[in-house]
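Me: I am new to reading protein models. Could you walk me through the sheets and the aromatic rings?

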Amino acid sequence: MTHRVSAGLIALAALALTAADAQAFDESRYPEWYGQWTRPRGLGNQWDPTRPGGRAQQAPLTPEYQAIYEANLVDQSEGGQGTDPLYRCVPPGMPRQMTVVFPMEIIIMPGTTYIAFEQGNVLRRIYTDGRDWPQNREPSFAGYSIGRWIDEDGDGRYDALEVETRGLKGRRAYEPSGIPLHRDNQTVIKERFYSDKTDKDVLFDEITTIDNALTRPWAVLKRFIRVHSPIWYENNCPEGNNHLVIGKENYVLSADGRLMPTRKNQAPPDLSYFNRAQK
């Protein structure tokens with residue numbers, strides 16, 4: 001069964017509009033970013049699209065976090081999940097969610113631009129109403145994003161959206177290989193969205209991550225392709241997820257519902273609270 005997520009999101013956003021807001025909002029000033037956006041065909045889930053995943057990403061990690069990353073790769077090679085938290089069905093968070101493993105939709109409204117992700121039905125809000133950073137905000141995987149529209153050539157139409165995101169929580173990783181972000185969650189992410197000047201069905205997102213696990217800001221360029229006449233699906237991670245975390249160990253459920261180890265010689269979980277069968 002397919003689900004059209006856009007209608008509900010637009011209706012939700014529309015509830016926040018006053019009559020004055022609706023009259024003041026001139027759609028002709030904004031870029032036409034409607035529709036479904038996906039990664040280019042054949043591209044994997046690596047963070048920097050120009051390099052293969054894993055060590056080939058050449059992430060500018062500090063020695064401490066390079067050591068954490070290497071230990072993660074060893075753990076993954078032995079059947080563990082390492083520093084990649086997605087097996088627990090937590091959202092990918094920023095900046096990883098902008099890899100757009102599943103399609104996204106951009107909804108431009110007065111004061112807020114929404115990015116709806118098919119993965120987990122996550123909704124990202126980018127506030128463009130001129131607000132300042134709130135005090136005592138609650139951290140989230142997507143963070144708190146403030147943006148501003150840019151008219152580069154002075155023709156009265158916006159060409160780009162510049163965004164800064166703060167207020168993140170973890171654990172988060174850049175990609176499935178487990179490249180980590182710092183545990184202090186002081187990440188700052190700066191983005192610039194803009195259309196290809198020769199093809200309106202191509203959208204770019206320049207993303208720069210500033211994080212204490214890095215020796216320098218890490219900038220990558222993401223490219224998205226518009227899909228015409230799209231079909232939207234519901235992607236619900238908890239449904240069918242066979243990973244089970246007990247204590248600090250990850251196990252999996254077999255097809256017949258039995259608990260299985262994920263690595264060689266893995267100890268069984270502690271069953272202290274269960275009545276054990278007498279032999």
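Reply: Happy to; we will take the strands, then the rings. Keep in mind that this is a predicted model.

Me: How are strands held together in a sheet?

Reply: Strands of a sheet pair through backbone hydrogen bonds, and the pairing can be parallel or antiparallel. Here, nine strands close into a barrel in the order 1-2-3-4-5-6-7-8-9, with mixed pairing. From one strand to the next, the twist averages 30°.

Me: Which residue is the bridge partner of V163 in strand 7?

Reply: That partner is E191. The two strands here are strand 6 (residues 160–166) and strand 7 (residues 188–195), which pair in the antiparallel sense over six bridges.

Me: What about the open sheet, and which are its edge strands?

Reply: The open sheet has three strands, in the order 10-11-12, and its pairing is antiparallel. Strand 10 (243–246) and strand 12 (259–260) are the edges, as each pairs on one side only. Strand 11 (residues 249–253) pairs with strand 12 over two bridges, in the antiparallel sense. There, L253 stands opposite L259 of strand 12.

Me: Now the rings. How do I describe a pair of them?

Reply: Use the distance of the centres and the angle of the planes. In this model, a search of the whole structure finds ten aromatic pairs. One aromatic cluster is formed by Y30, W33, W149, Y158 and F193.

Definitions and conventions: Residues numbered from 1 in each chain as written. Predicted model: local features only at pLDDT ≥ 70, side-chain atom pairs only at ≥ 80, totals over all residues. Heavy atoms only, no water. Pairing = 2+ DSSP bridges. Helix = DSSP H or I, 4+ residues; strand = E, 2+ residues; numbered from the N terminus. Phe/Tyr/Trp six-rings, centres within 6.5 Å; stacked < 30°, edge-to-face > 60°. Axes fitted to C-alpha atoms, helices over the stretch in contact; angles between N-to-C directions.
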